[in-house]
Amino acid sequence: MKRVRRCRRPGCENPAVATLTSVYADSTIVLGPLATEAQPEAYDLCARHVESFTAPRGWQVIRLATDFTPAPPSDDDLTALAAAVNRMLDRVQTSVEAQRNLLDDVGHELRTPIAVVRGHLELTDPSDPEDVHQTQLLAIDELDRMGMLVGDLILLAKSVQSDFVTPVDTDVAELTELVFDKSLALGERRWKMESAAFTRAMVDPTRITQAWLQLVANAVRYSEHCSTVSLGSAVRDGHLLMWVRDEGIGIAPEDIDLVRQRFKRTAGAQKLASGTGLGLSIVETIVAAHGGRLDIRSEVGEGSVFTRSPRLIA
């Protein structure tokens, strides 16, 4: 129990104030507005002596109720507490399962490039310069892929941290133009900015740019040379929409859920370009951190539209 202040009348032993852990009945606290640095101690008097106390001008006399028996917690309080504990346990369980699945996936994905590099190194003929050169190029390519994989995994690991996104008041039209300008360097395509939302929103411009460019890079990777890649932003029904549209290979309806999973790629995507299968997971993680979602509309052979809709708060 914390220290109990007693009645300040000389010779009186009655408790006047109890802090937090216990409160005594039949008590009165007399408080002054200057009970700070200039007057560090307020007057504390028990009920017996408060009547004879003349409070200085500007002071308040607060008489406490005589019954300080703590009220038992209500059913509503216990229900709310139980619900809060259950939510906490659900988050812990989800986090543990996600970590276990991630480690399993990482182990599987890293085994392949390691086996490829090791196998070629073992079969390399040191006396053949051309063989050594080809093995070197293959090893560098696999190591680059591993480096990209590790970088993506580090990003996903950071996504559970509270400071993963730092929303600031952002000009969406200006951000759209910035992302469009950066996209031009990603490939020889017919680039088109369809629209720009003239609004402001509380988003993390760095993370939003990262997710947007990831979608643009996917559009370039899985589309033909000089095909059209469009991007834009707009506000519709109170939602901020940011999208990328391409004329690439498209995604079959049954594969939409597949491409959302970590390390998963369609057969057509694997034939056309290399990748880790983490790009869309990163995009969805960033969008979810902004309170939004990623919508995918696609048709095989016609192209895809990836739309991010972060929560609009300006």
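Me: In which sense do strand 9 and strand 10 pair?
Reply: This is a predicted model, and in it strand 9 (residues 228-236) is joined to strand 10 over seven bridges. The hairpin of strand 9 and strand 10 has two residues between the strands, and Asp-237 takes a positive phi near 55° there. The sense in which strand 9 and strand 10 pair is antiparallel.

Me: Which residue of strand 12 stands opposite Trp-243?
Reply: On one side of the pairing, Trp-243 in strand 10 is the bridge partner of Gly-232. Strand 10 is also joined to strand 12 (residues 303-309) by four bridges, and these two strands run antiparallel. In strand 12, the residue opposite Trp-243 is Thr-307.

Me: How many of the seven residues of strand 10 are buried?
Reply: A residue counts as buried when its relative accessible area is under 20%. Strand 10 (residues 239-245) is largely enclosed by the rest of the structure, because the number of its seven residues that are buried is five.

Me: Is Thr-124 buried or exposed?
Reply: Thr-124 is placed in the loop between helix 2 (75-123) and helix 3 (129-158). Leaving aside neighbours within four places in sequence, Thr-124 is in contact with Asp-131, Val-132 and Thr-135, and a polar contact of 3.0 Å joins its side chain to that of Thr-135. Because the relative accessible area of Thr-124 is 18% and the cut-off is under 20%, Thr-124 counts as buried.

Me: What distance separates the C-alpha atoms of Ile-286 and Ile-208?
Reply: Ile-286 lies in helix 8 (residues 279-289), and it counts as buried because its relative accessibility is 0%. Beyond its neighbours within four places in sequence, Ile-286 is in contact with Phe-164, Arg-207, Ile-208, Gln-210 and Ala-211. Although Ile-286 and Ile-208 are 78 residues apart along the chain, their C-alpha atoms are separated by 7.1 Å.

Me: Which element gives the most residues to the lining of the largest pocket?
Reply: The largest pocket, with a volume of about 540 Å³, is lined by 29 residues, of which Gln-214, Asn-218, Arg-221, Tyr-222 and Arg-265 lie nearest its centre. The elements that give two or more residues to this lining are helix 3, helix 5 (205-221), helix 8 and strand 12. With five residues, the element that gives the most is helix 3.

Me: How many residues in the lining of the largest pocket are charged?
Reply: Sorted by class, the lining of the largest pocket has 10 nonpolar and 11 polar residues. The number of charged residues in the lining is eight.

Technical notes: Residues numbered from 1 in each chain as written. Predicted model: local features only at pLDDT ≥ 70, side-chain atom pairs only at ≥ 80, totals over all residues. Heavy atoms only, no water. Buried < 20%, exposed > 50% of the residue type's maximum accessible area, 1.4 Å probe, protein only. Contact = heavy atoms within 4.5 Å. Polar contact = N/O pair within 3.5 Å; in protein donor to acceptor, adjacent residues only side chain to side chain. Pairing = 2+ DSSP bridges. 1 Å grid on protein atoms, 1.4 Å probe; cavity = no way out; pocket = protein on both sides within 12 Å on 5 of 7 lines; lining within 4 Å. Points joined across faces, edges and corners; volume = space filled by probe spheres on them. Nonpolar A, V, L, I, M, F, W, Y, C, P; charged D, E, K, R; others polar.
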